[in-house]
Amino acid sequence: MRLTSEFWVSALVRRVNNSGAFAALSNKGAAEAGAIFIKFRNADGTYDLFGPAPQMAYDETKPQERLFSAVRQGVEETIADADLEKQKRWDRDLWIVEIEDYRDDRAGLFPISPE
C-alpha cells in the first residue's frame, strides 16, 4: 500500500528539518494522492525543481515508492515559480515543498530517479 501524499510530505518536511536543512510546505494538495513537487534552493541562489518521475522509472519490486525527476536545474526562482503555476492550473491538488540546503549531498533527503 502506498502512503498518502499528506503523510509522505509530512515525513519529508520532518526528515529535512531534522537533517540540518530547512523545508516548508508552500502548497497543500489532495491528502490522498496529490502530486508532489519539490522546489530546491541551491547554495548559489539558483533553484532546482523536481516532480514525480515517469512511471517507467519505478522499480517493479517497489511500486509504492515515490521517485522524483528533475524538471529544471539551476534556474532563477521566477522560472521555477512559473513552472509551478502552470502545474497548478493543470492540477490544483498538487503539493509543493520548498527546501533550502547548502550542503553538497542531498541524496538522503528524497529519492531521485537515476534517469
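**Helix H2, first entry.** I began with Glu85 and Lys88, which both lie in helix H2, 3 residues apart, or about one turn of the helix. Helices here are DSSP runs of H or I with at least four residues, strands are runs of E with at least two, and both are numbered from the N terminus. Glu85 and Lys88 form a salt bridge, with the closest N and O atoms 3.1 Å apart. I took a salt bridge as a side-chain nitrogen of Lys or Arg within 4 Å of a carboxyl oxygen of Asp or Glu. Glu85 is partly exposed, at a relative accessible area of 39%. Buried stands for under 20% relative accessible area, exposed for over 50%, and partly exposed for what lies in between (1.4 Å probe, protein chains only).

**Note on the model.** This is a predicted model, in which local features need pLDDT of at least 70 and side-chain atom pairs count only at pLDDT 80 or more, while totals for chains, interfaces and linings use all residues. Residues are numbered from 1 along each chain as its sequence is written, and side-chain values use heavy atoms, with hydrogens and water left out.

**Other salt bridges.** I found that the structure holds 6 salt bridges. One of them joins Glu6 to Lys28, with 3.6 Å between the closest N and O atoms. Glu6 sits in helix H1 and Lys28 in the loop between E1 and E2, so this pair ties together parts 22 residues apart in sequence. Glu6 is partly exposed at 36% relative accessibility, and Lys28 is exposed at 57%.

I then looked up Asp81 and Lys39, whose closest N and O atoms are 2.6 Å apart in a salt bridge. The pair links distant parts of the chain, since Asp81 is in helix H2 (residues 77–90) and Lys39 is in strand E2, 42 residues away. Is Lys39 buried or exposed? Lys39 is buried, with a relative accessible area of 2%. Asp81 is partly exposed, at 30%. I also noted a network of salt bridges that links Lys39, Glu77, Asp81 and Glu98.

**Strand E2.** E2 covers residues 36–41 and is mostly covered, with 5 of its 6 residues buried. E2 and strand E5 (residues 95–100) run parallel and are joined by 6 bridges. I counted two strands as paired if DSSP finds at least two bridges between them. Across this pairing, Phe37 stands opposite Ile96 and Phe40 opposite Ile99. E2 and strand E3 (residues 47–52) run antiparallel, with 4 bridges, and Arg41 stands opposite Tyr47 there. E2 and E3 form a hairpin with 5 residues between them, and Gly45 in the turn has a positive phi of about 90°.

**The sheet.** In what order do the strands stand? The 5 strands form an open sheet in the order E1-E5-E2-E3-E4, with mixed pairing. E1 and strand E4 (68–75) are at the edges with a single partner strand each, so one side of each has no neighbour in the sheet. The twist averages 20° from one strand to the next. Axes are lines fitted to C-alpha atoms, for helices over the stretch in contact, and angles run from 0 to 180 degrees between N-to-C directions. H1 packs on the sheet and touches E1, E2, E4 and E5; the direction of H1 makes about 5° with that of E5. Contact means heavy atoms within 4.5 Å. H2 lies across E1, E2, E3, E4 and E5 and runs at about 145° to E4.

**Nonpolar cores.** I took a core as a set of buried Ala, Val, Leu, Ile, Met, Phe, Trp, Tyr and Cys residues joined through side-chain atoms within 4.5 Å. The largest core has 17 residues, among which Ile99 and Phe110 touch the most other members. H1, E2 and E5 each supply at least two of its residues, and the largest share, 5 residues, comes from H1. Leaving aside neighbours within four places in sequence, Ile99 is in contact with residues including Val16, Phe22, Ile38, Phe40 and Phe110. A second, separate core of 5 residues includes Phe37, Leu49, Leu94 and Ile96.

**Ala21.** My last entry is on a loop residue. Ala21 lies between helix H1 (5–18) and strand E1 (22–27) and counts as buried at 10% relative accessibility. Not counting residues up to four places away, Ala21 touches Val16, Glu100, Asp101 and Arg103.
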